[in-house]
Structures are given as structure tokens and as C-alpha cells.
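Thanks for coming, everyone. Please have a look at the model on the screen, and then we'll go through it.

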There are 2 protein chains.
Amino acid sequence: MTYSIGQVAEKLSVTVDTLRYYDKAGLLPFVKRNAAGRREFTDNDLHLMRTIMCLKNAGVPVNEIATFVQLRLQGDTSLDERYQLLLAHEQNLKTKILDLQETLAYLQYKKWYYETAVAAGTEAIHFLPGSNEVDPQLARQYQAHLKEIGDLTTLALFNEVIELPK
Amino acid sequence: MTYSIGQVAEKLSVTVDTLRYYDKAGLLPFVKRNAAGRREFTDNDLHLMRTIMCLKNAGVPVNEIATFVQLRLQGDTSLDERYQLLLAHEQNLKTKILDLQETLAYLQYKKWYYETAVAAGTEAIHFLPGSNEVDPQLARQYQAHLKEIGDLTTLALFNEVIELPK
DNA sequence: TTACAACCTGGAGTCAGCTCCAGGTCAAGG
DNA sequence: CCTTGACCTGGAGCTGACTCCAGGTTGTAA
């Protein structure tokens, strides 16, 4: 049982053009052609491609994925090298997720800022009296709010990301 | 107290060129110039820029951030619109984090694949007997492994992301 | 008072990752 | 037989987010 490029594109939710681009870029050297020169993807190919898509989703650049695929072609001698590569990208990805969680914590602070401002009908409630500048201590109110609602996970992330004066 | 573009670049860990690019793109209309035409950033400007950087880190494209900044200039009448924009991007970011967590779960499966292969000295331990194809049922062994070490969080994410035959 | 670093502008260049096109082949349905 | 749609290639074009450059101004420290 084999699949055409169109069927694979469907399965992986990418375009046919993208798959051909990946092939040109050396990501799919294992895909065989039929007599007419058309690509025929096997189930095993799809399995390998899921790993490739995983690396892509993890933010690994195409040329590095190509390196990984090349290593695979070399067989068991490259096992450790491939493992190291995965290990490095696991760390990258963990770091990226943590960064995004901190970004989310800050975004939620701003959301709270606007929730309270919308409720008050004006942003001025967050300004220093008689100015258009945001109270530099405002984050403390939000910290208190997080404590109140018991969201200590967000609080911890927020504390990582904010720096308060004085 | 004001800051030069160089000082701000330092503080925000971006280049001076990037900041000028943001200014051209309409992200920093609030930054004033001194008599010599140089930018002078206030503490309040820095505060606003932290929000901009947050949106940037959240993956919001520059032109959408520019929209947000434009809304801000319109004052309290745009409060709700700004809130809605933040809300939408909070959702995007949450989704993205979840996707990355699933990607991480798959990456860790592959890491386990290579750990065991490296230990065995060959990838063949994961192949169907007498072939070069990965056992389509292999993920079940990994599921069992996750249960064994009690990592139910990763197991749940992994189950989201894998589809097994039969 | 001059050297030099930091700033300014407009605009060109770069890079990754697609995306699209022209021009052609091939298999199946009417 | 003929049309149609999915496939093929090489190569050009596009987009976003910078990044760099030439040519010029400014502020300060020796």
C-alpha cells in the first residue's frame, strides 16, 4: 500500500508544494518513485515523516533536519549522533515552552489591566494621579490578585518576568 | 530621566537596528525626539515597549502590533477593542504552547527510541523482524514505559499526538 | 579642536520557508 | 480518442523580520 504526494499532503496537513520543497531540500531521500517518476510513499515513509514534522514543529531549521536525515542514511554508526541532536533540540524546545509560558503570564497581566480598565470605563485608573503614565507599582496589585484567586503557578511565572522599581 | 536608543536596545536585548525598524513600522509613535532629532525613551515608554515585546514574543506579527499601538493612541474609546485583541492572542498563545507540549512529547518518544537503540548498539531492535521498517506498534511499548515511570502527564500528551494502527 | 563613538535617514540586501508558474507527462472516465 | 486532474521539473517570486550601508550630524573627552 502506497500513497501519492497529494494523499500525504492531506494526511500531514501541508501543501503538495511544501512536500516537494522538502524533497528538494533533502528531507525525503527515502521516498521512491514509480515507473512514471511519481513519488510513492509507504507507511514506513509516513512514520519517518512524522518525525521530520515533529522536528519542524519544534522549530528546527530545514537544513538541520536534512542533516538528521542524512545521518539516518548512514545506519547504526550515526545512532549516537542522532540521539545527541534530538537531545539538544529537546532542551531548546523545553526552553522555548518556558519562555512562552512567561510571555503568557505577562499577556494575562495585560489582559487583567484591560479587564479592570474596561470595567472602569477608563484606563486612567491605572495611571499615576494627574498623568498619562502607568503606575510603575501596578504589577503589585496584580500579584495580590493572583494570590487572591490562588493561581500560584501563574504568579511564579509572572514574578520571573517582571521587574519592579524600588 | 530618559534613555538613548542604545540603552534601550541593551535593556530589551535587541539591536539598535531592530528598534529603528520597529519605529519605522509604526510600533513606537509615542517616542519623543530631542532638539538634535535623537530618540529619548522615558520609563513609561519602556513600560509600553515591554507590552510590545510581549506581543512580539507571543508571535504576533509586527503589523498587528502596530494596529494595537494605533488603538492605544485613540484613548479610552478603543479599550474594549484592545482587550479583545489581547484575548484573541492569549488564546493563540495557549494553543501554541499546547501544540509545543505535544511536539515535545513526541520528541521524547523519539529520544527514548534512540536511547534504547544506542544501548542495544543497533536500531534493528525496533524494526519488524527481517525488515528495515519500524514496528508500527512500537509506541505501545513507550506508553507502557511512561506508565512504569509514572509520567502520566507526558503519557496524556503522547496519546493526543500518536495514532496507532488497528 | 579634534577625534571618535553614538546617533540619524533612506533605501538596499539577506534569509528562511515557502508559493507559484510554465510547460510537460500520465492514467482514467465518458 | 479526448479531456481532465493529479502529478512532474526548474526556476522565479513572495513575505516577514530583520540587517546592513552610505553619507551625514552631534556630544564629549583628551
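Start with helix H5 of chain A, residues 79-120. Helices here are DSSP runs of H or I, at least four residues, numbered from the N terminus. H5(A) has 42 residues, and at 1.5 Å a residue it should span 62 Å. That expected span is 1.5 Å times one less than the number of residues. The end C-alpha atoms of H5(A) are 61 Å apart, which agrees. After H5(A) comes Gly121(A), with a positive phi near 80°.

A word on the source. This is a predicted model: local features need pLDDT of at least 70, side-chain atom pairs count only at pLDDT 80 or more, and totals for chains, interfaces and linings use all residues. Residues are numbered from 1 along each chain as its sequence is written, chains are lettered from A and ligands numbered from 1 in the order written, and side-chain values use heavy atoms, with hydrogens and water left out.

Now the DNA. How many residues surround DNA strand D? The count is 18, and Arg20(A) and Tyr22(B) are among the closest. A residue is near the strand if one of its heavy atoms lies within 4 Å of it. H2(B) gives the most to this surface, four residues.

Definitions and conventions
Helix = DSSP H or I, 4+ residues; strand = E, 2+ residues; numbered from the N terminus.
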